[in-house]
Structures are given as structure tokens and as C-alpha cells.
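Here's a friendly walk through the model. Take a look at it first, and then we'll go through a few of its features.

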Amino acid sequence: MPAQGIKPGIAPPTLWICEHCDTVYRRRELVCGEVARCTRCDAILARHHSLSVNAILALVVTAMIAFIQANIWPIVTLGLNGTLISTTLWGCIVMMWDESAQVVAVLAAATLFFFPIIKMLLLGWVSLYARSGRRAPGFRWAMVTLYRIGPWTMTEVFVLGALVAIVKAHMYFDVIPNPGIFGYGVLMLIITAFSSIDVRRLWDTTEETPA
Amino acid sequence: MNGLPRASDLGLIGCHVCGMVCRDVEADHAACPRCGSSLHKRKEASYSRTWALLIAAFIFYIPANVLPIMRTVSVGDVDDNTILSGIIELWVKGSPDLAVIVFTASIVVPVLKFFALSLLLVSAQRGSLWAQRQRSKLYRLVEFIGYWSMLDVFVVALLTALVQFGFFSQVEPLPGVVYFGLTVIITMLASMTFDPRLIWDGRDFDD
């Protein structure tokens with residue numbers, strides 16, 4: 001890739017600054033599996049990039065498929081005296097809205113549906129272009145948005161919540177697990193795989209396309 | 001302390017959003033040249049904002065625990081559960097291991113957050129040099145565990161959607177769950193507003 005696209009003064013940084021204590025380090029290449037830690041406060045400065053951009057894209061696509069499955073199929077079915085009731089994530093959200101817990105409905109919709117889907121779409125979009133070292137249209141906005149919504153996706157917590165709800169319901173009802181819960185299980189595995197990825201590295205590995 | 005250079009001494013600012021290392025131009029509205037996010041040497045008014053959010057969260061935490069979060073009606077029999085009584089029921093009738101998980105997520109984590117953030121705020125404001133490394137780790141723990149407290153809120157949402165057997169059995173959410181959800185969100189905001197670099201600043205940045 002030609003280097004003329006990089007604006008003067010916006011070269012990739014040669015330093016690490018610890019976010020948790022402001023200590024400055026000179027950057028160095030990390031070997032496979034290595035994690036650079038701050039010697040002052042022990043925070044993680046950087047990790048070795050064990051996953052390529054292609055691998056990230058593949059994971060995002062897999063996560064999308066699992067997410068769709070988890071959302072269209074019911075999560076669990078309860079049975080009592082021959083009556084069966086099942087629900088999806090949106091079933092929960094609509095029910096909380098109708099039962100005058102609108103705050104909870106909005107929180108659940110944001111942290112379990114909208115933020116995760118925005119995260120996947122944006123990450124897929126930027127990594128699609130990053131495969132060839134380019135920056136996608138709207139790269140800056142996408143990366144800033146990814147950073148902002150990062151802490152606000154709670155799918156993992158919902159999966160644990162589903163487990164607790166199943167055990168609680170099992171005291172009084174027949175419980176039948178549905179495909180949705182397996183979709184969420186797969187999603188949780190992918191989220192764990194993602195937890196060690198710092199997408200901010202895309203700032204350093206891509207170049208601004210000349211306008 | 002040790003001789004490691006700090007960005008604020010070298011006139012540098014690290015951009016939180018993209019990791020860019022920028023020169024501190026001492027301007028009021030400096031922006032990162034790479035991602036356009038605003039740059040601050042330290043998060044703005046970190047002490048007062050974190051205190052405000054922490055106190056607000058604590059105020060919401062009281063009704064979250066005192067008011068019931070869920071009502072179960074079965075064959076005319078009404079049973080209101082608070083967070084604690086729900087955990088006890090799970091312990092007695094269901095599975096004690098899950099009761100421990102819910103107890104940790106709903107009671108231990110929020111209480112730990114109140115204590116930990118207060119401790120971090122007070123010690124940083126006093127410019128204390130005590131156990132700085134451990135305090136940094138405590139901050140990262142608070143950040144990491146924060147959102148797991150939403151567990152009980154999602155349990156109530158799922159049970160409400162599932163247990164709709166009319167006269168035989170019905171679950172409704174009660175106001176406690178709304179207060180609890182808000183407590184979790186506000187404590188998350190509080191831990192994000194706290195600037196962990198203040199732990200290492202001593203008295204230099206007292207604002």
C-alpha cells in the first residue's frame with residue numbers, strides 16, 4: 001500500500017500511554033500470545049494481535065448468524081396444565097413495556113438488541129475494508145461509535161439471566177429449551193473470543209484513502 | 001515513586017478513543033487529529049461528577065432493595081418478591097449454586113461498587129500514596145464486574161414474558177426492578193466518569 005495517503009502529522013503513534021495511570025512507553029512488537037503490561041499500575045497496554053482481520057470478519061459473520069437465530073426462535077417454552085407459552089427477546093421487551101416497566105424495556109432493547117447489532121454491523125463494515133488495508137467510508141465515525149457503545153452490550157448477562165429464569169421456572173412449570181437459547185450459547189462463545197480483541201488497532205493498520 | 005515518565009509531565013495526551021499520542025496544546029477544546037474526539041489531560045470534573053452519580057445511584061439503590069421487584073399471582077394467591085427474598089427462594093427451592101450467583105450479581109457487586117468507588121474517590125482526593133497499584137486494580141475490577149448486576153432485571157423480564165397462564169399463574173414486574181436497573185446504569189456511568197489516572201496524581205491535579 002502506498003504511504004502517500006497518510007496525512008503529515010497523523011503517523012501511527014510510536015508510544016503507548018497507559019490509560020489507567022498515564023505512564024509513557026515506547027512501542028515494541030509483541031510476540032505471539034504476549035501481553036504488554038504497565039509496570040506502574042499493571043494495566044494491559046497492548047496484546048499481540050492473534051486474530052487477523054479476516055478472522056475478525058469471519059467471527060462477525062458467525063456472530064450475525066447466531067444473533068439472528070437467537071432472536072427469531074423462541075428462547076424457552078413453559079408448560080402448565082397443557083398450556084404452552086414461549087418467548088423471544090422481543091417478547092420480553094414488549095411485555096415489559098406493556099406491564100408499565102418501560103424503563104426496563106428500553107434498557108433491554110438497547111443493551112440486548114440495538115447496541116449488539118450496531119456493534120456487529122460497524123465492525124463488519126470496517127473490517128471488510130481493513131482486509132486490504134483501507135479505511136471504510138465513515139471509518140472515523142464507525143470507530144468512535146464502536147468505542148462509545150462498547151461497554152453497553154449485555155448479551156452475556158442475558159444468557160446467564162435466561163439460565164436463572166429457567167431454573168426458577170422449573171420449580172413450578174415444565175420447561176422446554178428452544179433453539180433461541182442455543183443461538184445465545186453460540187453467541188456467548190463468540191463474545192468470549194472477541195473479548196481479547198482491541199479493535200483500535202485498526203487505526204494503526206489501515207491508511208486513509210486519498211480523497 | 002519510580003522514574004517512569006508520565007504523559008502529563010511530557011506534555012502529551014493519549015487519545016482514549018483511538019490510542020493516538022497527541023501533543024498537549026493546552027487549548028480548551030483540543031481534538032484528536034486522527035479520530036476527532038475531544039482530548040483532556042484528565043476526565044473533566046471527574047471527582048464531582050463521579051460523586052454526584054454515585055450518590056444518585058445510592059438513592060435509587062434503596063427503593064431497589066426495599067420495594068418488591070416481581071409479583072407472582074397463582075390461583076388468587078399473591079406473592080411479592082424483593083431481590084433478597086427471590087434469592088432466598090432460589091436457595092431453598094431451586095439451586096443453591098445459582099442463588100450464590102444471583103446474590104453476587106445483585107447484592108455483592110452493587111455494594112462493592114459503592115464502597116470501592118467511594119474509597120477510590122476519597123483516597124485520590126486526599127492525594128494518598130497508599131496502595132496505588134492495588135487501587136488501580138480495584139478500579140479495573142469495578143469496571144469489569146459492573147454490568148453483571150443487570151442479571152436480575154433480565155430474569156424478571158424473561159419470567160414476566162413466560163409466566164402468563166392467566167388465572168393459574170402470572171408474573172408482573174413491580175417498581176423495584178426499574179429502580180434496580182437504573183442503579184446499575186448509574187453506577188456504570190459513575191465508574192466510567194472516574195479517571196483512574198487521578199490515583200497516581202498525588203496532589204497535583206486537585207480540583
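## Two domains in chain B

In chain B, the C-alpha centres of domain 1 and domain 2 sit 34 Å apart. Domain 1 covers 1-41 and domain 2 covers 45-200, with bounds that come from an automatic or database domain assignment.

## Before you read on

This is a predicted model, where local features need pLDDT of at least 70 and side-chain atom pairs count only at pLDDT 80 or more, while totals for chains, interfaces and linings use all residues. Residues are numbered from 1 along each chain as its sequence is written, and chains are lettered from A and ligands numbered from 1 in the order in which they are written.

## Where the chains meet

Chain A puts 53 residues into the contact and chain B puts in 59 residues (C-beta atoms, placed from the backbone, within 7 Å). Elements giving two or more residues on the chain A side include strand E1 (15-17), helix H3 (102-130) and helix H5 (155-170) of chain A. Helices (H or I, at least four residues) and strands (E, at least two) are DSSP runs, numbered from the N terminus. H5(A) gives the most to this side, with ten residues.

Three strands of chain A make an open, antiparallel sheet in the order E6-E5-E7; strands pair if DSSP finds at least two bridges between them. E6 and strand E7 (174-177) of chain A are at the edges with a single partner strand each, so one side of each has no neighbour in the sheet.

E5(A) and E7(A) pair in the antiparallel sense over four bridges. Thr77(A) has Ile176(A) in E7(A) as its bridge partner.

Definitions and conventions:
Two residues are in contact if their C-beta atoms, placed from the backbone, lie within 7 Å.
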